[in-house]
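Please read it alongside the sequence and the model.

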Amino acid sequence: MKFSLNWLNDHLDLDDLSVSELDDLLTFAGIEVEGIEVRGAAIDKLVVAQVISSDKHPDADKLSVCQIDAGGDDPVQIVCGAKNYKVGDKIPLAQPGCELPGGFKIAPCKMRGVESHGMMCSASELGLAAESDGLLILDTDAAPGTPFSEIVTADTVFDVEITPNRPDLLSHLGLARELAALTGRELKGLTAHHREAGNGSSPAPTDTIEIQSPDKCSFYSGHFIRSVKIGPSPDWLKEKLEAVGLRPINNVVDVTNYVLHETGQPLHAFDLAKLKGGIQVRLANDGETLTALDGESYELNSTDLVIADSENAQAIAGVMGGDDSGVTETSTDILLEAAHFTASGVRQTARRFNLSTDSSYRFERGVDPLQTLGASALAVKLITALTGGQADEQTLIAGEVPEAPAPVTFSHDACRKLLGHAIADEEIDKILTSLGLERDDTSWKIPTWRLDLIRQVDLIEEVTRVFGLDNIPSRTLGTYSPASKEDKIFAANRSLRDQLVHLGFCEALTIKLISETQLADDLGKVSKSGLVPIRIKNPISDDYVYLRPSLVPSLLSVAKRNVNMGNSALRLFELGTVFSASPKGQEIEQANLALLITGDREPGSWKCPQPEATNFFDLRGILEALCPGQKVQINPITPQAGSCLALAAEIRLGKSKVGICGQLAPARARELGLEAPVLLAEFKASALTTVRESSRRYADLPRFPASSRDIAMEAPSDLPNGDIETVFAKIDEHLLESFSLFDVFTDPSGEKLAADKKSLAYSVTYRHQDRTLEQAEVDQAHEKILAILSKQLPVIFR
């Protein structure tokens with residue numbers, strides 16, 4: 001919400017505080033200042049000027065060449081495109097060297113061949129209004145050349161974020177009350193922090209005002225004002241509204257908006273001539289419609305509260321008035337409404353219609369019930385003064401004002417104990433009194449505008465805010481807190497994310513809901529886990545029907561969008577929660593990690609014009625990088641019927657199964673627009689983390705040289721490489737340091753090698769940690785390994 005510093009000064013004197021000091025004061029009191037805007041005309045080289053003459057531009061139909069008296073010896077020539085002025089009018093003139101809001105600098109120039117030495121300005125160009133039609137015409141006796149800042153007061157506007165528990169701050173009066181407590185200053189001209197209620201009120205006859213739904217409207221008041229003359233508002237009122245971002249409309253509507261931002265109480269003015277019979281505060285009929293002031297038609301139901309006459313609904317209570325009964329230029333008699341609507345009812349209706357108005361915003365959070373008649377009296381006073389209307393002597397009321405909040409028991413000792421600081425009783429009482437509370441023995445009466453104060457700790461918090469946290473010294477040092485299980489999981493996941501980013505991956509963050517068609521991309525189907533997905537009872541759309549049982553469906557959607565945008569080489573990962581249920585209905589929630597790689601291994605260049613596509617070896621290399629020291633095994637499995645994978649495998653790191661990987665079926669890839677092979681993998685995050693932690697082993701660099709031997713073997717073409725690696729891993733030979741596959745050969749024609757065979761070549765490394773190996777030792781160890789391989793595998797050595 002926007003607050004005008006000039007407006008706040010109407011309530012208390014803040015002239016001796018700088019903008020920076022006010023910013024700090026509010027911020028340290030828990031009221032966040034989101035922005036500060038300087039408005040008005042504190043602009044150098046901006047002066048009052050008078051139009052001497054205006055002639056048509058010789059070479060442009062929409063431009064005029066004006067001679068302007070700017071207070072100098074000679075007139076100033078200005079080329080202007082506005083049409084709303086006449087000779088003799090006074091206007092603001094930005095002279096060369098002037099810098100307008102937004103950084104726009106004025107300099108002499110030629111416009112269609114005619115020299116112009118400045119700019120005649122509109123209100124919006126000076127930051128005085130959000131928008132404007134034409135030049136700002138000044139109604140002033142100031143002589144030409146007078147600095148503009150002398151006739152238009154500059155202002156500072158604070159954009160403040162008000163938390164939902166502090167609706168009392170949604171007005172200039174409310175923020176002024178807060179600043180008065182924080183600074184120890186007195187408010188001006190207010191009784192008990194409220195606007196005075198005026199001449200009085202009397203119960204309304206039921207044929208004039210009737211509340212039919214007291215659970216949604218506890219109190220309603222109406223004041224008749226007759227013989228009003230609708231017209232523009234005076235400058236002071238326009239300036240206040242424009243300072244907080246509102247557009248002036250007419251003197252009656254502007255007064256209701258002014259009182260809203262002054263007191264926080266929403267008001268509405270009805271054109272009395274357009275009402276049939278008395279006011280009924282009732283629930284709408286199902287299917288009843290109302291055209292609101294925004295021009296939209298809304299279909300109401302029996303949960304919506306409306307303000308109606310004897311025939312139709314005329315306003316959505318607490319949200320927006322109706323267009324049929326709104327005040328226009330032809331209105332002469334009006335009914336001014338001020339009411340107290342239940343927050344939950346206004347919130348329900350506003351949310352259903354997706355309407356957020358200044359009125360609903362306040363009613364949803366809570367409005368001070370004792371301010372209702374005071375706000376109405378202030379509006380009546382202003383409307384009669386600005387329109388010449390005659391107001392009835394008394395305000396007609398119906399219903400009862402809600403009771404004041406219950407008193408809160410408070411202990412000064414409990415306050416000091418909780419704060420750990422000795423604040424005197426007198427200081428505590430002074431702070432609470434400045435906030436509008438009244439002491440009653442051991443308890444405090446809560447003002448009606450502070451509905452958030454319901455417990456003793458709430459009052460202690462108020463004492464702390466006003467006293468200032470900086471004034472409470474620290475009494476204890478920070479204590480050691482051992483890392484919790486959640487801390488360790490967070491640290492492990494952060495380490496995993498960092499490493500994947502260093503490996504060239506981009507993290508995807510997707511919604512936890514997927515569509516029914518996306519279930520086909522669930523990798524859980526591949527492993528025949530028996531788990532079933534969880535359907536949402538009330539999905540918001542067909543795209544969000546199930547809680548995701550796998551991260552892969554969402555990653556594939558991200559990949560599709562990227563490819564559509566021209567990004568074909570992708571490395572994506574997501575670390576997030578997946579959901580499923582056992583056949584017995586037990587819900588399961590766990591964290592998973594999913595990877596997706598597709599496209600070229602590296603960008604094309606002159607050195608490599610046709611890069612290779614990524615393959616399973618790239619995926620395996622990524623897994624080995626994530627878990628150094630662990631042997632990665634990829635064991636093929638048969639995908640289930642209907643699976644999204646054409647090839648599938650289990651991933652084992654050491655002795656642990658950690659996930660599933662595979663290649664997306666080409667048909668499914670084409671549906672998504674993915675031309676290159678798409679490799680996918682998904683892991684249970686906790687299993688991967690456990691393996692990563694156990695793989696952290698450290699050893700000295702080897703001091704003695706290694707010896708290597710090659711093994712060339714012929715094996716059946718369907719023998720998985722994983723089976724060979726498993727045998728290697730189980731060989732008990734202390735000199736064996738490592739092994740790796742470096743060549744594969746097949747010949748489908750059968751000329752050089754049988755078509756059902758393949759040739760494999762492994763490099764085997766031997767090393768002793770304490771000495772240099774002799775050739776005989778290496779030969780002996782090598783023969784042992786060959787014997788084990790030939791015994792356990794259907795291979796022939798070449």
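E239 lies in helix α4, residues 235-243, where helices (H or I, at least four residues) and strands (E, at least two) are DSSP runs numbered from the N terminus. The model is predicted: local features need pLDDT of at least 70, side-chain atom pairs count only at pLDDT 80 or more, and totals for chains, interfaces and linings use all residues. Residues are numbered from 1 along each chain as its sequence is written, and side-chain values use heavy atoms, with hydrogens and water left out.

**Charged surface**
- E239 counts as partly exposed because its relative accessibility is 45%, the class between buried (under 20%) and exposed (over 50%) with a 1.4 Å probe and protein chains only.
- Together with D139, D141 and D235, E239 forms a negative surface patch; patch residues have over 30% relative accessible area and no salt bridge, and like charges are joined within 9 Å.

**Pairing around β36**
- Strands β35 (632-637) and β36 (645-653) pair in the antiparallel sense over six bridges; pairing requires at least two DSSP bridges between two strands.
- A648 in β36 is the bridge partner of I637, and A648 also stands opposite G662 in β37.
- β36 runs antiparallel to β37 (656-664), with eight bridges joining them.

**Five-stranded open sheet**
- The order is β14-β17-β20-β21-β22, with mixed pairing.
- β14 (209-211) and β22 (320-321) are the edge strands, each pairing on one side only.
- β20 (305-308) and β21 (313-316) run antiparallel and are joined by three bridges, with I307 opposite A315 in β21.

Conventions. Patches are made of residues with over 30% relative accessible area and no salt bridge: like charges are joined within 9 Å, nonpolar side chains (Val, Leu, Ile, Met, Phe, Trp, Tyr) within 5 Å. Accessible areas come from the Shrake-Rupley method with a 1.4 Å probe; for residues, only the protein chains shown count as cover. A salt bridge is a side-chain nitrogen of Lys or Arg within 4 Å of a carboxyl oxygen of Asp or Glu. Lys and Arg count as positive and Asp and Glu as negative; His and the chain ends are not counted. The place of a charge is taken as NZ of Lys, CZ of Arg, CG of Asp or CD of Glu.
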